[in-house]
Amino acid sequence: MDTKFSVAIHILVMITESEKSLTSQALAISVGTNASYIRKVIGLLKKSELICSYQGKSGYKLTKAPNQISLLDIYYATQEIDRVNLFQIHQNPNESCPVGKYIENTLKLIFLEVEIHLAKEMSSQTLEDVIATLYQQAKIAR
């Protein structure tokens, strides 16, 4: 997994908590990257209908309340997939080897169980939870 997931969370928190409209350049400064990368991530968030643009002016807004956007929603948007898929299995194991013959199916079962558990956890955590934790970490009242 690349950094688009964490960058998207950062962007969404900024959009939620900023009192003013934020441009991709302003978001890039906060994230510590370039504006073109931010626009790429914003494009994914827009495509998944998590954010939209203001008509006729710069900036973005959420399409749902932060407590209605799960981390799983953000993950799916940024990874452009519809299920958690973290682990890749090596190709072409030796079928005449007692391990090679069964390793793929064995690992698929184990990996799938872990991925299902992770998806369940991410679906129970929301953008609002991230924002609340951020304020706790900063020791700032909201």
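This is a predicted model: local features need pLDDT of at least 70, side-chain atom pairs count only at pLDDT 80 or more; totals for chains, interfaces and linings use all residues.
Residues are numbered from 1 along each chain as its sequence is written, and side-chain values use heavy atoms, with hydrogens and water left out. Local features need pLDDT of at least 70 and side-chain atom pairs count only at pLDDT 80 or more, whereas totals for chains, interfaces and linings use all residues.

Helices (H or I, at least four residues) and strands (E, at least two) are DSSP runs, numbered from the N terminus. Two packed helices are described by the angle between their axes and the distance between the axes. Axes are lines fitted to C-alpha atoms, for helices over the stretch in contact, with angles between N-to-C directions running from 0 to 180 degrees. Helix α1 (residues 4-17) packs with helix α3 (residues 35-47) at an angle of about 85°, and their axes are 10 Å apart. Helix α1 is therefore roughly perpendicular to α3 (65 to 115 degrees). In this contact (heavy atoms within 4.5 Å), α1 contributes Lys-4, Val-7, Ala-8, Ile-11 and Leu-12, and α3 contributes residues including Tyr-37, Ile-38, Val-41 and Leu-45. By class, the contact has ten nonpolar, no polar and two charged residues; Ala, Val, Leu, Ile, Met, Phe, Trp, Tyr, Cys and Pro count as nonpolar, Asp, Glu, Lys and Arg as charged, and the others, Gly among them, as polar.

Helix α2 (residues 24-31) also packs with α3, the axes coming within 8 Å and crossing at roughly 105°. This arrangement makes α2 roughly perpendicular to α3. Ser-24, Gln-25, Leu-27, Ala-28 and Val-31 of α2 meet Ala-35, Ile-38, Arg-39 and Ile-42 of α3. The residues in contact comprise six nonpolar, two polar and one charged.

Helix α6 (residues 127-138) has twelve residues and reaches 17 Å from its first C-alpha to its last, close to the 16 Å expected at 1.5 Å a residue (1.5 Å times one less than the number of residues). Leu-127, Ile-131 and Tyr-135 of α6 are buried (under 20% relative accessible area, 1.4 Å probe, protein chains only). Seen down the axis, the buried residues fall within an arc of 80°, so they line one face of the helix; the arc is that of the directions from the helix axis to the C-beta atoms. These residues pack against α1 and β2 (60-62). The face turned away from the buried side carries Gln-136 and Gln-137, both exposed (over 50%). Lys-139, which follows α6, has a positive phi near 55°.

Glu-95 lies in the loop between α4 (71-79) and α5 (103-124) and counts as exposed at 53% relative accessibility. Not counting residues up to four places away in sequence, Glu-95 touches Gly-100 and Lys-101.

Technical notes:
Angles under 35 degrees count as roughly parallel, over 145 as roughly antiparallel, 65 to 115 as roughly perpendicular and the rest as oblique.
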